[in-house]
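Open the model in your viewer and get ready to select residues. We will go stop by stop.

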Amino acid sequence: MEYKGKLHETAVRFPMTHIWMDSCGEEPLNFGLERGIVGATSNPVIVGAVIKSELPFWEGRIKHYIETMPEATEEDIAWAIIYEAGRERSKKLLPIFEAKKGKCGRLSIQTNARFYRSPEKMIEQALELNALGPNMQVKSPASAAGIRAFEELTYRGVSINATVSFTVPQAIAVAEAVERGLKRREAEGLPIDTMAPVCTIMIGRLDDWLKIAYKPIALTYPEAMEWAGVAVMKEAYRIYKERGYRTRLLSAAYRNRYHWSELVGGELSMTIPFDWYKKINSCDVPVEDRIGVPVEKKYLDYLLTLDEFRKAFLEDGMKAEEFEEFGAFRRTIQGFITGYDELLKLVRDYMVKPVS
């Protein structure tokens, strides 16, 4: 058959490797659905970008909510928009969800990033988000509080997506929490057959953090820094398969072609931004099964000399209470909260016109 790019070829030839679109925008979703995507993700930064790119439509919706919710704050309006985007855009994936009996075809939607220290607040909002449609996947940060929330949410039948996650210790903690939740459901005779929990590893953001933490070193051996996220993903995948965890790994935050090519063939998911989707499609790298190919020893040996990489790569590199102190976590949660603040400002500017 004639493939519509490298990622379409990946989806067709390696159906166990699920390709997602890292956007809930109309154009990216339509583009991806024509090329075999089976899921999509969103977060406050993504939703803000979608609103700006589709402003003629969303401007009308913002004004509608302002008019029909006279006592609402900008936060109320912003979440009304987020909920509407989740409800409506998840419908595009519903045929896949129904055909795959819940194992694919979900839209990931994120709880308020400000709740990362409160399992109770994450759980409460996650249940609301889960009720937006049958094919929702609810994202929350893999903080210590998030790990506690994942067990309870899984027990309550929510397919979770652990985000703000960069490390093997986080991935294992998430998988173990999900297993506890699934076992509680099984013990009570509750169904689990349509559930599809995932754990994100933001491989590109790990690379970003190491380049910042070790800037002088990164300049002397820059190619090694491009392999850190891939190494962590492959190690987490090895452990997941060895232990039979029922959570699926999801790679995110793409920065180079290895973040795609080195994971092909794995029983995992990749959520790929629209711009990287197009970059990968136009590259000359062959589509090959490389999940079992280890990172070159010279790169891994070098990376293991770095304390921050060892925290990410080694199973006992961090305890759950240390997750929030990891540099990539701090940078990313701050970015998500800043993106949320920018979304609130966008809404506020329609509610209270700036004075010139």
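**Stop 1: helix H1.** Start with the buried residues of H1. They pack against strand S1 (18–21), helix H14 (258–261), strand S8 (269–272) and H15. Keep in mind that this is a predicted model.

Now select residues 6–13, the whole of helix H1. Is this helix enclosed or open? Of its 8 residues, 6 are buried, so H1 is largely enclosed by the rest of the structure. Colour the buried ones: Lys6, Leu7, His8, Glu9, Thr10 and Ala11.

**Stop 2: Lys279.** Next, move to helix H15, one of the partners of the buried H1 residues. Select residues 274–281 to show H15, then pick out Lys279 within the helix. Is Lys279 buried, exposed or partly exposed? Buried means under 20% relative accessible area and exposed means over 50%. Lys279 has 44% relative accessibility, so this residue counts as partly exposed.

Along the chain, Gly133 and Lys279 are 146 residues apart. Draw a line between their C-alpha atoms: the separation is 32 Å.

**Stop 3: the nonpolar core.** Clear the view. Which residues have the most contacts inside the largest nonpolar core? Select Val174, Leu249, Trp260, Met270, Ile272, Phe309 and Phe326. The core they belong to has 126 residues. Then select residues 327–351, helix H18, which gives the most to this core with 11 residues.

Zoom in on Val174. What is in contact with Val174, leaving aside neighbours within four places in sequence? Show Ala142, Ile147, Phe150, Ile160, Ala162 and Cys199.

**Stop 4: the whole chain.** Zoom out and switch to a cartoon view. The chain has 18 helices and 8 strands. Along its principal axes, the C-alpha trace spans about 60 × 55 × 50 Å. How does the radius of gyration fit a compact globule? For 356 residues, such a globule would have a value near 21 Å, and the chain has 20 Å, so the two agree.

Now colour by burial. Buried residues make up 58% of the chain. Turn to contacts between residues at least 6 apart in sequence: 72% of them join residues at least 24 apart.

**Stop 5: the surface.** Finally, colour by charge. There are 49 positive and 51 negative side chains in the chain. The centres of the two sets lie 1 Å apart.

Technical notes:
Residues numbered from 1 in each chain as written. Predicted model: local features only at pLDDT ≥ 70, side-chain atom pairs only at ≥ 80, totals over all residues. Heavy atoms only, no water. Helix = DSSP H or I, 4+ residues; strand = E, 2+ residues; numbered from the N terminus. Rg over C-alpha atoms; globule rule 2.2 N^0.38 Å. Buried < 20%, exposed > 50% of the residue type's maximum accessible area, 1.4 Å probe, protein only. Contact = heavy atoms within 4.5 Å. Lys, Arg positive; Asp, Glu negative; His and termini not counted. Charge placed at Lys NZ, Arg CZ, Asp CG, Glu CD. Core = buried A, V, L, I, M, F, W, Y, C linked by side-chain atoms within 4.5 Å.
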